[in-house]
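Here are my notes, as promised, for when you open the file.

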Amino acid sequence: MPPVKPMLAKPVAAIPPDMQYEAKWDGFRAIVFRDGAEVELGSRTGKPLTRYFPELVEALRERLPERCVVDGEIVIAREGRLDFDALTERIHPADSRVRMLARKTPASFVAFDLLALDDDSLLDVPLGQRRSLLERALSGVRPPVHLAPATTDRAVAEQWFEQYEGAGLDGVIAKPLSLPYRPDERVMFKVKHERTADVVVAGYRFHKSGPVVGSLLLGLYDDRGALQHVGVSAAFPMKQRERLVEELEPLRMDHVAGHPWAAWSDEEAHETARLPGAPSRWSGKKDLSWVPLRPERVAEVAYDHMENGERFRHTARFRRWRPDRTPESCTYAQLQEPVRYDLAEILGVPD
């Protein structure tokens, strides 16, 4: 019975040997519970996602076994690749908008584990047996429900790691074949892409604990010469957070006027430029104010991949300052673009 928290993965530097390998999907993790006509979608935190994906509820009711619990990922595809931004738009309080988006950008469910079937709990069953049961249970399943590809061939997994990024996936998951299902435990392994980029540090937000740096605001120049906000770097030891305030003080501006992101609080300005986020339904009453800095300092950061080629998909990791680089040299042109790969090829269905 819901809620059940999903089994998690811990990061490793390389694909480990002698395991089952799957693509790392970039969507909303979801555990699906079906009992006859009843269908419930549970999120990673255990909270229900059911009301946000009515088109999936109908499809899962038609395509899953009569009584089962299935672990997988909710994704949205556009033009042959995953679109995480379109997915986040689905979490909306207005039912009318949810249903409109369900028609405009319908979601899919990619199944990769089976937790229960009929009257049997499979939590203590080894992964290899669960995978066989899942393949039989979803034999011939039709879109928008898919069976995630899996292999025990490490060479194939390495090929997936290189190719699948072009379809918006962000790495490979490795699972020991003898592994039972362990909710909320990091007992799987994930290998993600990591690249570096030189970025302009154009501001920072204070940490929730007090007047120390919480996150650095990062920018890249586009081909028109405009500085676009591409993400943040936030994981710093407390001592470094304190030092950063002193280190960046000479660049601190008294007011945002004259800064490339001066219009950040104007909602309409976000339609034509990438700016630090203004208050929205996602942030609620969270303080999103930030300290503007003259965009003169360059840092090297590590990142996994870009979302739609415009911003870092996850928080970037600070590596070092780059006093040898000029801010104007920090452009999108330095970023490595993965070779495009059609999502339909991964799922084995027509685009």
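The points below go through a pocket, a cavity, some ring contacts and a helix.

1. First, the caveat: this is a predicted model. Please read every value below with that in mind.

2. Start with the second largest pocket, which comes out at about 570 Å³. It has 26 lining residues, and those closest to its centre are Lys 24, Trp 25, Arg 29, Arg 44 and Glu 73.

3. S13 gives the largest share of the lining, with four residues.

4. While you are on S13, have a look at Met 188, which lies in that strand. Is Met 188 buried or exposed? Met 188 has a relative accessible area of 4%, and since the cut-off for buried is under 20%, it counts as buried. For a sense of distance, Met 188 and Ser 215 are 27 residues apart in sequence, and their C-alpha atoms are 29 Å apart in space.

5. Searching the whole structure turns up one cavity of 30 Å³ or more, and the largest cavity has a volume of about 60 Å³. Strand S7 (81–82) and strand S18 (306–307) are the elements that give two or more residues to its lining. The residues lining the largest cavity include Asp 26, Phe 84, Gly 168 and His 305. By class, that lining has four charged, three polar and three nonpolar residues.

6. Besides lining the largest cavity, Phe 84 is linked by ring pairs to Phe 28 and Phe 53 in a cluster. Arg 313 also lies over the face of Phe 84, 3.5 Å from the ring centre.

7. On rings in general, the structure holds nine aromatic pairs. Another charge-over-ring contact to check is Arg 297, which lies over the face of Trp 321 at 4.1 Å from the ring centre.

8. Last, helix H5 (residues 154–163). Ala 157, Trp 160 and Phe 161 are buried there. Why do they share a side of H5? Because they cover an arc of only 105 degrees around the axis. Ala 155 and Glu 162, on the other side of H5, are exposed.

Conventions
Residues numbered from 1 in each chain as written. Predicted model: local features only at pLDDT ≥ 70, side-chain atom pairs only at ≥ 80, totals over all residues. Heavy atoms only, no water. 1 Å grid on protein atoms, 1.4 Å probe; cavity = no way out; pocket = protein on both sides within 12 Å on 5 of 7 lines; lining within 4 Å. Points joined across faces, edges and corners; volume = space filled by probe spheres on them. Phe/Tyr/Trp six-rings, centres within 6.5 Å; stacked < 30°, edge-to-face > 60°. Lys NZ or Arg CZ within 6 Å of the ring centre and 35° of its normal. Buried < 20%, exposed > 50% of the residue type's maximum accessible area, 1.4 Å probe, protein only. Arc of directions from axis to C-beta. Nonpolar A, V, L, I, M, F, W, Y, C, P; charged D, E, K, R; others polar.
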